[in-house]
Amino acid sequence: GTMAAAALLFLLLVAAAGPGRAGAGRARRDALREELLLSPLPAGDVAATFQFRTRWDADLPRGAVSHYRLFPKALGRLVAALGVQELHLALTQGFWRTRTWGQPPLQAPAGAELWVWFQPTVMDVDKAWKELSNILSGIFCASLNFIDSTNTVTPTASFKPLGLANGTDHHLLRYAVLPREVVCTENLTPWKKLLPCGSKAGLAVLLKAERLFHSSYHSQAVHIRPICRDASCLAVSWELRQTLTVVFDTFSSGQGKKDWSLFKMFSRTLTDACPLASQSKVYVDISPKNKEKELLEVTPAPASVYEAIVQGDKRTYAVYDLLSPSLFNTSRSLNVQLKWKRPQDSSELPTPVLHAQRYVSGYGLQTGEISTLIYNTHPYRAFPVILLETVPWYLRLYVHTLTIITKGKENKPSYIHYQPAQDRRRPHLLEMLIQLPANSVTKITIQFERALLKWTEYTPDPNHGFYVSSSVLSALVPSIIAMKDVDVEQSPLFTSLFPSSDGSSYFVRLYTEPLLVNLPTPDFSMPYNVICLTCTVVAVCYGSFYNLLTRTFHVEEPSRGGLAKRLANIIRKFRGVPPL
């Protein structure tokens, strides 16, 4: 009777708590979308962009979440504990060549880039920033713990929040780049473990490290931001985007042919979708490069075609839905193949509207000059661009030598913010808003002087040089084709991270090349020579002197001969011969 009463009481408690818990579960819905974009590039190269988007209807900053399903618990607790508003981390190996490859869906500078917006409730932003970089260093097995005040800046205009933000107080923003960071397998493995299905199912099965790092460009990123839960935007959801971009070229792959397939790129094919994903699609850019006819042929034939205005250009995509039952009816796996119908003409390649390059000039090891060239190839529209320069403290900038020349005339910036460096404390920060005339090239130059470091501050390979992080260009580029406002939830992921502000322009963020600068370097072989010479002198002089002081001298008596001599004398005695 007691057991029956206890069981009845338990059932009543479960029935009473059930609707509330179910309601809470419905209130905290989470969804996963995954997609792969294959974009053929000029000269036969191909770019593959993976995006995994996890959306969670939960209130992370208040720490009221204890159960995690799709959203990674390590990142969720990090956001709640440190008061993170937005987090953007990118680890990149190589450089995206914008002039020849075009505008990328997502670009990042070489090395490691981290920029974070904190909540207004965070009292000590610098302490939270340091703790955040150390935790991320452990999660992604990267050298983010080397981020300190000497490479951290607070931009005022360049990095605005990409999600919902109550305010834009730039004192809550921190930005840092480690251009020397080398990205390899130990960074990819924890990145894949954050995926709900890992690398066991869905598009993630293509993420084979041996193939991904055998390429000319590799970039993996994590983006966390708050977004509107619905059209009314009365509630907030949290979005995690894991993106990975890789560029395969004919030289690194060793094929020699310009025809591509999933198996040639990744040594694997797609067999199923992630069971936890609500959407799993593969997009192939089949846009015609000229008005005559299409250049690219894809097999198998796509079930549907998607057309959209992406980055000011009309694009056509072949769509393969992995959740469609008819996709895997004919074959057990999906191996998308791309074949060129005829070779491309280099004169047909479109030039990006906005691209830039940067280099360092000068001679000797005392002074130099940093030059940045910004190109606006739009035929009739001028637009402004925000330039962010972060220069280490050991390159002492001469701000009075800053010149901006466009079409042979001086171009005065409409906004300029400069924060001078402090030796061994903080870097230089230079932000400018520059107007780019139509069809023009703007050259920005500034001179600097090299500082002499302490001998303990040099890297183990000082003659290799010291890296200067990339310049950042942010602009609303005018679109030649009018763009329509689309539903973010229905549009592909590669079109919705940077939504267009209106139908006439689209947002672009570009990075230039990192610089490699030589500093005055002492002869680090001299200590070795001094040590060798000192050790030799000590060994010879002190050793000989010590030997003379500690040696004991003995006077030896003349020997009477040995055994052979005594035997010979005995024999001579018996023979009557005089002894020896």
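Start by selecting phenylalanine 50 and phenylalanine 266: both are buried. The model is a predicted one. Phenylalanine 50 belongs to strand 2 (residues 46–56) and phenylalanine 266 to helix 8 (residues 262–266), so the pair links distant parts of the chain, 216 residues apart.

Move to tryptophan 393 and tyrosine 394. Their ring centres are 5.7 Å apart and the planes stand at 75°; an angle over 60 degrees counts as edge-to-face, so this pair is edge-to-face. Tryptophan 393 has a relative accessible area of 8% and is therefore buried, the cut-off being under 20%. Tyrosine 394, at 12%, is buried as well.

Now select arginine 99 and tyrosine 375. Arginine 99 lies over the face of the tyrosine 375 ring, at 5.2 Å from the ring centre.

Last, turn to the cavities. The whole structure has five cavities of 30 Å³ or more. The second largest cavity holds about 40 Å³ of space. To find it, select Ile370, Thr372, Glu389, Leu402, Leu430, Met432, Ile444 and Ile446, which line it. Strand 16 (367–376), strand 21 (428–436) and strand 22 (440–450) are the elements that each give two or more residues to this lining. Coloured by class, the lining shows six nonpolar residues, one polar and one charged.

Notes: Residues are numbered from 1 along each chain as its sequence is written. This is a predicted model: local features need pLDDT of at least 70, side-chain atom pairs count only at pLDDT 80 or more; totals for chains, interfaces and linings use all residues. Side-chain values use heavy atoms; hydrogens and water are left out. On a 1 Å grid over the protein atoms alone, a cavity is a set of points where a 1.4 Å probe fits but cannot get out, and a pocket is an open set with protein on both sides within 12 Å along at least five of seven lines; lining residues have an atom within 4 Å of a point. Grid points are joined across faces, edges and corners, and a volume is the space filled by probe spheres set on the points. Helices (H or I, at least four residues) and strands (E, at least two) are DSSP runs, numbered from the N terminus. Ala, Val, Leu, Ile, Met, Phe, Trp, Tyr, Cys and Pro count as nonpolar, Asp, Glu, Lys and Arg as charged, and the others, Gly among them, as polar. Buried means under 20% relative accessible area, exposed over 50%, partly exposed in between (1.4 Å probe, protein chains only). Rings of Phe, Tyr and Trp (its six-membered ring) pair if their centres lie within 6.5 Å; planes under 30 degrees apart count as stacked, over 60 as edge-to-face and the rest as tilted. A charge sits over a ring if NZ of Lys or CZ of Arg is within 6 Å of the ring centre and within 35 degrees of the ring normal.
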